[in-house]
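My notes are below, in the order I made them.

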Amino acid sequence: MASFSFGSGNAAKLLRIPLYLAGRAGTLVVPRGRRWVFGCGAGVGDGALALQRVAATEGHDTLWLTSSDREDRVAAALGLRAVRKASLRGWWATARAGVVVVTHGLGDVNRYAVSGAFVVQLWHGIPLKRIGLDSPATTQVPDVPGAPVLRRVIGVLYRRAAQRIRVFPAASHRSRGRLESAFALGDGRVVVTGEPRVDVLSAGDPTERRATASDALERVIGELPNGARTILYAPTWRDGADDPAVPSAAQWVRIIQLLEEQDAVLLIRSHPLGEGGYAPPLPSTRVRSLGSSVLTDVTPVLPAIDVLITDYSSLAYDVGLLRMPVLFLAPDAEDYARTRGFYGRFQDVAGDDAATDWDSLLPQLSALLAHDEAFSARAERSGTLSAQMHAFRDGGNTRRVYATIRARGIPAPKGAA
């Protein structure tokens, strides 16, 4: 079963209104200091971890806010000081923080103590599907009496929360326009600096990047067959619904047969907020799970991947930094366009040959793996798409974001010259 939907999330938000009011009253009397607190809705990682590393290197007092035992362990392994965001200490840490850094929403930290902080919203991908106020899905509520009024209330709350954002990095000017619209932000708060989360895809030597990523990948999924190519399948979230592209038993047989013929391994990464039945009818070492329970942040291992298969994930933009071929598998593109919506046309990103099921995808994948010309053509197409959305590919996005934050009034670390 899926774990979350906008409707259930918004219903919970409405029930928490008294807690928001109490938290805001508390922040009016608690003075803010110089500490930077960080949180990430997907776990310890993403752009928040990249920015934390830079801030700590510069001498700032930093603290990570966690939400589970697993996140506690990951934070400890990374040498991060951490407290639980939902605890009293988490509220106090957020209420005292001078800078609050999030990647998904204010709930990445203690949501009741954000008022008055300098909020940096890093987000977690270039929008392909419509997000925020640009999508009707964002303000969904359960089908109850008074639902239209509740949707309007949710819209007001969403806008008020977004107005707390002081810096919102964008990958490019095209992405900036989408973010400004989705979050109703103006006044130069959305800045084209590049996104910290993708620095790992462009910093350093490409050969070393791949070797480091390969080591990290094998630590979590086990050793791969020598020379085998890796294929990542990463479907996006469908507001709590199951993925309609889950293969049938017969399709699984054909998938595994192709993987064996082409000496490849398929890594399945369902969206952290959704679930699909991705279990082959017979065990196969050619198919392995790479879900969020296995690996919190997939971006650092992307240099070890050879081919991406996705539908509407922003990974399609990111892997172009590596010139990685992308195949699109979108069985519900028309319905998704109607219920969630895209920025522009889906065909402008996926082309006119997006597959609608595994039966139509497998011939494309076979040709890609078997013929260098097909591989190169898809790689070129991927690089072109990425160049339209990523203004920087120099590994310096995090430093530009840090400089922007400092330039907007955040003081140097205490004791710095």
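**Ground rules.** I am reading a predicted model, where local features need pLDDT of at least 70, side-chain atom pairs count only at pLDDT 80 or more, and totals for chains, interfaces and linings use all residues. Residues are numbered from 1 along each chain as its sequence is written, and side-chain values use heavy atoms, with hydrogens and water left out.

**Ring pairs.** I paired rings of Phe, Tyr and Trp (its six-membered ring) if their centres lie within 6.5 Å, calling planes under 30 degrees apart stacked, over 60 edge-to-face and the rest tilted. The count came to 13 aromatic pairs. I looked up Y233 and W358: their ring centres are 5.2 Å apart and the planes stand at 75°, so I noted the pair as edge-to-face. Y233 belongs to strand β8 (residues 229-234) and W358 to helix α13 (residues 358-370), 125 residues apart. For such elements I used DSSP runs numbered from the N terminus: helices are H or I of at least four residues, strands E of at least two.

My cut-offs were under 20% relative accessible area for buried, over 50% for exposed, and partly exposed in between (1.4 Å probe, protein chains only).

**A second pair.** Y312 and Y336 have ring centres 4.4 Å apart and planes at 25°, so this pair is stacked. Y312 sits in the loop between β11 (307-310) and α10 (315-318), and Y336 in helix α11 (residues 333-339), so the pair ties together parts 24 residues apart in sequence. I found Y312 buried at 0% and Y336 buried at 5%. Ring pairs link Y312, F328, Y336, F342 and F346 into a cluster.

**Back to β8.** Five of the six residues in β8 are buried. β8 runs parallel to strand β9 (residues 264-268), joined by five bridges; I counted strands as paired if DSSP finds at least two bridges between them. T230 stands opposite V265 in β9. β8 also pairs in the parallel sense with β11 over four bridges, and there A234 has T310 as its bridge partner.

**One histidine.** I found H390 in the loop between α14 (372-389) and α15 (397-407). H390 is buried, with a relative accessible area of 4%.
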